[in-house]
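Please read the points below alongside the sequence and the coordinates. They are set out as a colleague's notes, one topic to each point.

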Amino acid sequence: MALLQIAEPGQAAAPHQHRLAVGIDLGTTNSLVATVASGISRVLPDDQGRRLLPSVVRYSEDPEQAISVGHTAQAEQVSDPRNTIVSVKRFMGRSLADLDATATPYSLLDTPGMVSLDTRAGAKSPVEVSAEILRELRSRAEASLGGDLVGSVITVPAYFDDAQRQATKDAARLAGLNVLRLLNEPTAAAIAYGLDKGSSGTFAIYDLGGGTFDISILRLTQGVFEVKATAGDAALGGDDFDHCIAEWMRGQIALENPTPADTRLLLSLARTAKEALSSVASTELAGRSSDGREFRLTLSREAFEVMSADLVKRTLRPVRKALRDAGLEAEEVDGVVLVGGSTRMPQVRAAVRELFGREPLTDLDPDEVVALGAALQANILAGNRSAADDWLLLDVCPLSLGLETMGGLVEKIIPRNSTIPTARAQEFTTFKDGQTAMAIHVLQGERELVSDCRSLARFDLRGIPPMVAGAARIRVTFQIDADGLLSVGACETTSGVEAHIEVKPAYGLRDEQIADMLLDAYGKADSDMAARMLREAQVDARRLVDATTAALAEDGHALLSRDEYQALQQRVYELAELLQTSAETRAIKDATAALNSASTAFAERRMDAGIRRALSGARLEELA
Ligand code: AMP
């Protein structure tokens with residue numbers, strides 16, 4: 001596929017006029033805002049010099065300070081868990097059915113489209129909660145830069161689906177931010193490291209945050225990045241390492257039935273110890289459990305590495321998968337970028353170093369790298385640098401997108417891992433004579449059958465002029481914009497009749513679902529192919545039976561002898577019967593071929609008769 005040079009039209013700034021634009025990393029655990037000043041990207045701190053804003057929102061009982069965000073909210077997390085929302089990113093674009101409601105302290109409401117959280121301030125959608133975080137970052141930026149923002153680039157995980165991206169965009173709008181672009185997090189990290197400065201190369205972005213793990217493989221060619229593959233584990237992050245230490249502590253102090261307060265205490269001590277062990281060889285954990293017992297434990301880095309070895313190993317599986325998807329060996333990767341606070345753990349760095357056989361890039365703060373890259377991108381999009389010198393990175397769509405065709409099959413229009421933005425079109429035709437409408441069913445997934453893929457949207461193309469089956473030319477176009485949002489259009493090209501839909505699914509796919517769908521497809525490739533061939537054979541056969549039956553009824557008696565008529569009808573019956581009774585692709589294909597050749601002479605006679613009919617009565621000058 002050709003690599004694109006993408007410049008945003010109409011956004012070139014007047015000389016010397018610097019437009020205020022920011023990059024925002026809207027993270028699960030922490031969020032950041034960064035901007036470019038004098039050509040350097042830097043994170044904007046709050047008025048107390050803190051760069052990370054905890055992604056925590058609290059709806060308090062105090063009418064003076066009804067909503068608090070960040071550190072203030074985080075301080076109340078333990079005393080008021082139900083009204084203090086953490087990790088809201090996990091709920092973005094998700095329905096209640098997508099989530100494990102027992103795993104959260106919140107009271108989740110099954111609201112249409114997306115889950116809501118029941119707080120003392122009423123039902124809050126994840127979009128509203130995220131908007132509070134974004135609003136806080138926006139005012140931090142405006143206070144620090146001294147003016148209104150022209151626009152922002154907000155990062156999202158590469159795996160975010162349409163609903164999750166849409167939800168993020170909605171949250172930004174709600175916060176009064178103009179979104180110049182949503183940018184995949186690994187892509188932002190690559191920009192931050194200036195990996196474009198080389199002429200070509202292949203890079204891996206290993207992102208282990210608080211709650212999620214993502215790996216992306218990027219390829220740089222002639223100054224343009226292309227995302228080749230992404231994989232990850234949405235339920236693996238720094239929190240799991242905390243749990244691992246907390247579990248060890250529980251064993252050490254023989255705490256049989258921990259209260260919720262005990263669990264919180266252990267987790268908080270565990271997190272502090274984990275972070276300390278990234279720079280010291282051993283640390284102490286001390287506290288008092290709810291049954292009044294004081295405890296003091298020592299944990300060495302070595303012991304921590306042993307107890308967390310499985311977690312580190314779990315991150316390497318998606319890495320190998322992404323490499324496989326990109327058709328690469330680990331040694332072929334020219335650079336590895338570490339993103340996310342959890343990549344500070346020495347055992348993580350060692351595992352990455354060992355797998356890729358090279359030292360990972362760690363110069364930039366792994367917590368800041370995504371925001372720094374987003375700011376560089378925002379700076380370009382706001383028109384502060386000449387568009388001619390710049391390009392925007394290409395991202396990738398994580399699952400194939402396609403359409404339902406006859407027989408319950410999926411025709412893939414945009415294959416998985418296609419770089420975006422992209423637009424692809426394919427022509428379809430009608431199946432029945434006189435068909436005036438066509439149902440368009442948009443699907444996502446790797447499998448061949450509709451029933452095994454996920455339905456994204458349905459719409460109808462109506463007003464197709466009646467024509468014989470196969471004569472209409474329906475061009476269906478799939479378009480994914482730079483933010484990863486899909487729109488689908490259908491147009492009957494002979495008449496110009498059109499229909500169009502912005503695909504906004506009611507809720508998104510979980511990352512695990514994406515991973516499951518891919519695994520499923522890999523395991524089932526052979527059986528899927530067989531199922532597809534059978535369905536195709538059945539569709540072809542049914543079409544021929546219908547067409548021959550209609551032709552026999554219309555012209556059979558006029559153009560065929562009795563014997564010929566009966567012989568042909570016999571073939572039609574045989575094939576129709578076979579369709580009812582057999583699931584043998586070969587047998588159906590053979591019978592279809594037999595009917596096809598048996599009907600050839602009849603078809604020729606019909607054509608001759610048709611021409612004669614058309615000519616009779618026509619005047620000579622009309623034929624000239
Ligand atoms: P992020 O989601 O990228 O902000 O990552 C937050 C995660 O990084 C949390 O689990 C933190 O405990 C973890 N983290 C931050 N600093 C360190 C450190 N020095 N060593 C180990 N983990 C850390």
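1. Is T592 buried or exposed? T592 is buried, with a relative accessible area of 10%, where buried means under 20% relative accessible area, exposed over 50% and partly exposed in between, with a 1.4 Å probe and protein chains only. T592 belongs to helix α13 (residues 585-598), and, once its neighbours within four places in sequence are left aside, it is in contact with A541, L544 and L575, contact being heavy atoms within 4.5 Å.

2. On the basis of these values: this is a predicted model, in which local features need pLDDT of at least 70 and side-chain atom pairs count only at pLDDT 80 or more, while totals for chains, interfaces and linings use all residues. Residues are numbered from 1 along each chain as its sequence is written, and side-chain values use heavy atoms, with hydrogens and water left out.

3. The chain has 15 helices and 28 strands, which are DSSP runs numbered from the N terminus (helices H or I, at least four residues; strands E, at least two). Of its 624 residues, 51% count as buried, and residues 24 or more positions apart account for 65% of the contacts with a separation of 6 or more.

4. The ligand is surrounded by 15 residues, the closest being G210, K274, E275, S278 and R344, on the criterion that a heavy atom of the residue lies within 4 Å of the molecule. By class, this shell holds one nonpolar, nine polar and five charged residues, and helix α6 (residues 260-276) supplies the largest share of it, three residues.

5. A polar side-chain atom of E275 lies 2.6 Å from an oxygen atom of the ligand, an N or O atom in the side chain of S278 is 2.6 Å from a ligand nitrogen, and a polar backbone atom of G341 is 3.1 Å from a ligand oxygen.

6. The largest nonpolar core has 45 residues, with Y206, L323 and F356 having the most contacts inside it; such a core is a set of buried Ala, Val, Leu, Ile, Met, Phe, Trp, Tyr and Cys residues joined through side-chain atoms within 4.5 Å. Helix α8 (residues 309-325) gives the most to this core, with six residues. Apart from this core lies another, of 36 residues, including L26, Y106, L177 and L182.

Conventions. Polar contact = N/O pair within 3.5 Å; in protein donor to acceptor, adjacent residues only side chain to side chain. Nonpolar A, V, L, I, M, F, W, Y, C, P; charged D, E, K, R; others polar.
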